[in-house]
Amino acid sequence: MKKPELLAPAGTKEAFIGAINAGANAIFMAGHRFGARAFAENFNQDDLKQAIEYAHLRGVSVFIVVNTLTFDDEVEDLLSYTDELVKAHVDALIVQDIGMISIFTQRYPNTAIHASTQVNAHNIHHVKFLKELGVKRVILARETSLEVIKEIKRTVDIELEVFIHGALCVSFSGNCLISSILNKRSGNRGECAYNCRLPYKLIKDKTVIGEESYLMSAKDLMTLEYIDELIEAGIDSFKIEGRMRKKEYVTQTTMAYRLAIDAYYEGKNIQLDSQIDKLKRVFNRDYTKGYMLKEIPKDLNNDFRPNHMGVPIGKVIAYEKNLALVQLNEGLKNGDGFRIVGKHDYGNMVTYMKRKNNTIIKEAFKGETIYLEVKEQVYPDSILYKTLDSDLEKDLVMYQSSAFKLIPITGMVTAYIDKPLTLSLSDGDHQVSVSSQNNLEYAMNQPATEASIAQNISKLGGTPFYFDTLTVYTDGACFIPVKELNELRRLAVESLIAQRIERKEAFIQPYSIQNGFNYVETVKLVARVHTLDQLNVAYKLGLDEIYFEDIIDVNPKDYPNTVVRPVTKRIIEDIDGFDITGPTMVSELGGIYQNQKRYPLVTDEFINITNIYTAALISTYNVERIALSSELDLDHVLRFSKRYFNRFGAYPNLEMVVYGHKDLMISKYCPVAKTFGYKPNCRLCFKDQYYLQDHIGKYALLNDGHCNMRVMDPKPLLLIDYLETLKAANITTFRMDFTTETEKEMKAIVYAFKSALAQKPYKLDLPRFRTGHFE
């Protein structure tokens, strides 16, 4: 069985070096643009080139993240950026945007393209779609179960990568708009504001269920104890999340998983308790085994705290005058971080401690009861946590040095009179041999000894090499200047380095994407409905076209003279769980592939079409109309059709959502089941209407029919005042999304939009609404 790759994150140079020295086979990192962690330190272009060479010398691959949705006015800059990375011999590009994936697989035939987890690939058809585009590896959605992963691996000849440790998004990746809509900071563009880490109340109809808590904050993923199962599933790459995390986290986490993976292949049974303890000390929100291993909702969420918890090391006995009397079950010293959690929380660094006899100390030991400086009131029985372990961090410092000796080599020196001095080096895969220009001469005074030759040749300086063995053959009679030994060593090492970093010549070629639209100028007003009652209301109101969510049972023949289309789910996990049998709106890429161009399709906005290249690509799959992404601002929407025409010589068929409560996220995690301690499919949300509530409002929770929870915006999107502007930009289909609206509300909205499209006066009294990125 092929050994899986261990893939580590790097947001800083120190984390990058630490990951390599701790045993990573590959590193993923990003430049200052186009990466989904815009607030990480990241790397400039020169840094990335140097990092690639540095890693390649040490036998480590480098994958550069360009996993944000791309706007049309960014494409030229993006291609210039990725061209330089390809010329620098990057091993792979990690990409979200489907249009850019298609361009990259054509443009860079010798560079691997990996589909980011932001593409949300979670079923076989979705993976097949990506393979058809030329993708070498798919980073599966974190929600994908191990059973589905195994089936994909058996069915599709493609590399699979999964997350094994780190932060979990509570929403299916690439399907979250909450930060984008509420904060104007797009998660799909690398600027997530982490609204999921904020406190919420759960509301049942109008009743508050429990106190406010961090109800949407996921625990961190940790699969160290299950690594054998993951290896045996045939997964190609194990990915550690954490480009925003500090170097100690990256180093320690990489080291722990390296140990576990190697132990499996060496047939060793190891105790992981000490490794898990160290993981908790560098960062943890408490741990979950994750969706991959079928964790249930109550064990996925940490509603107590959304940030680093550390490890408990004692409790508070008393407090007086800025001093907490604490009883320790583990040592504590100056420089450690701590947090006291109880009726009042307080955290700081340890700078002052004393014993009961008033002796000031720098270190306290397990079992002691000491006074700790705490500058805010805390209370007896509060728990003392260690949030920074200074001893552990000191132990990890050596791994963050660029001079760390990582690569064992063997060497052989021959030194005989009347023959050239020779040095041969080998790292097991590469061999080099160099010789002096002149033969060695007899030493009149101090001949070179075996020990002196070995001592000089062993000085490998700042290189990553160290001698596993160095053999010296000499007659003990020749004279060798130290300068000549140094020069020979330099030449041999440089030659070995050159061989290790050698890569195929970068290859960049033209790309082609064709238009598949047959442009239709007719302006339409359409609706999407969530219930059968809403469908009947929309039909009575005489709408041109109606999409219905497939949680309701509908026979389109019951609605003559109206186009009625089903909407496939955004999340389709069952491998054989769906089949497109007629004209349909699809909400994920697997549906497009599964259709095999049999029936005309319309795509929903969660296909994430933000540029003309993605639009053109999708149009070639018998897609007659596309809904533009909500991530686009007004300027990009207004220019879209014209840019498309200038590039492809035809206009696209564009649909725009102009009314509706937006899906802010869709989650496999359910806060209702969490609160009541139920397992999935409890169906409580079908009996009553539940909401999340914060200072902004109440977010309706809607079940998609497969126990994935949709979190809806309290304020509806309303673009009625922009209709004429959008029509002038060749938007021809205007869509209203109905989810929780009553019949009365639907009628008022539809009449207003019909009037507006007919350029007649309209009235629509909505006290609160948004205009999305048009603001």
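A crossing of two helices is left-handed if the near helix is turned anticlockwise from the far one by less than a right angle, and right-handed if clockwise. In this predicted model, the crossing of helices α3 and α4 is right-handed.

**The helix pair**

Two packed helices are described by the angle between their axes and the distance between the axes. Helix α3 covers residues 75-87 and helix α4 covers residues 98-107. Their axes come within 12 Å and cross at roughly 40°. An angle under 35 degrees would count as roughly parallel, and 65 to 115 as roughly perpendicular. The two helices α3 and α4 are therefore oblique to each other.

**Salt bridges**

Side chains of opposite charge can pair when their charged atoms come close. Across the whole structure, a search finds 56 salt bridges.

| Pair | N to O distance |
|---|---|
| Arg355 and Glu368 | 2.6 Å |
| Asp604 and Arg735 | 2.9 Å |
| Arg639 and Asp635 | 2.9 Å |

The salt bridge of Arg355 with Glu368 has its closest N and O atoms 2.6 Å apart. Arg355 is partly exposed, with a relative accessible area of 25%. Glu368 has a relative accessible area of 18% and is buried, because buried means under 20%.

Asp604 and Arg735 meet through their side chains in a salt bridge of 2.9 Å, N to O. Here too the pair links distant parts of the chain, the residues being 131 apart. Asp604 sits in the loop between β33 (601-603) and α16 (612-619), and Arg735 sits in strand β41, residues 733-737. Is Asp604 buried or exposed? Asp604 is buried, at a relative accessible area of 1%.

Arg639 is partly exposed, with a relative accessible area of 43%. Asp635 is partly exposed too, with a value of 36%.

**Positive phi angles**

Lys597 has a positive phi of about 65° although it is not a glycine. Lys597 is placed in the loop between α15 (589-595) and β33. At 48% relative accessibility, Lys597 counts as partly exposed.

Asn730, also not a glycine, has a positive phi of about 70°. Where is Asn730 placed? Asn730 is in the loop between α20 (723-728) and β41. The relative accessible area of Asn730 is 21%, so this residue is partly exposed.

**A nonpolar surface patch**

Met412, Tyr416 and Tyr473 make a nonpolar surface patch of about 270 Å². Tyr473 is found in strand β27, which runs over residues 465-474. Tyr473 is partly exposed, with a relative accessible area of 41%. A residue needs over 30% relative accessible area to be part of a patch, and Tyr473 has 41%.

Note on methods: Residues numbered from 1 in each chain as written. Predicted model: local features only at pLDDT ≥ 70, side-chain atom pairs only at ≥ 80, totals over all residues. Heavy atoms only, no water. Patch = residues over 30% accessible without salt bridge, like charges linked within 9 Å, V, L, I, M, F, W, Y side chains within 5 Å. Areas by Shrake-Rupley, 256 points an atom, 1.4 Å probe, with all protein chains shown as cover. Salt bridge = Lys/Arg side-chain N within 4 Å of Asp/Glu carboxyl O. Helix = DSSP H or I, 4+ residues; strand = E, 2+ residues; numbered from the N terminus. Buried < 20%, exposed > 50% of the residue type's maximum accessible area, 1.4 Å probe, protein only. Axes fitted to C-alpha atoms, helices over the stretch in contact; angles between N-to-C directions. Parallel < 35°, antiparallel > 145°, perpendicular 65-115°, else oblique.
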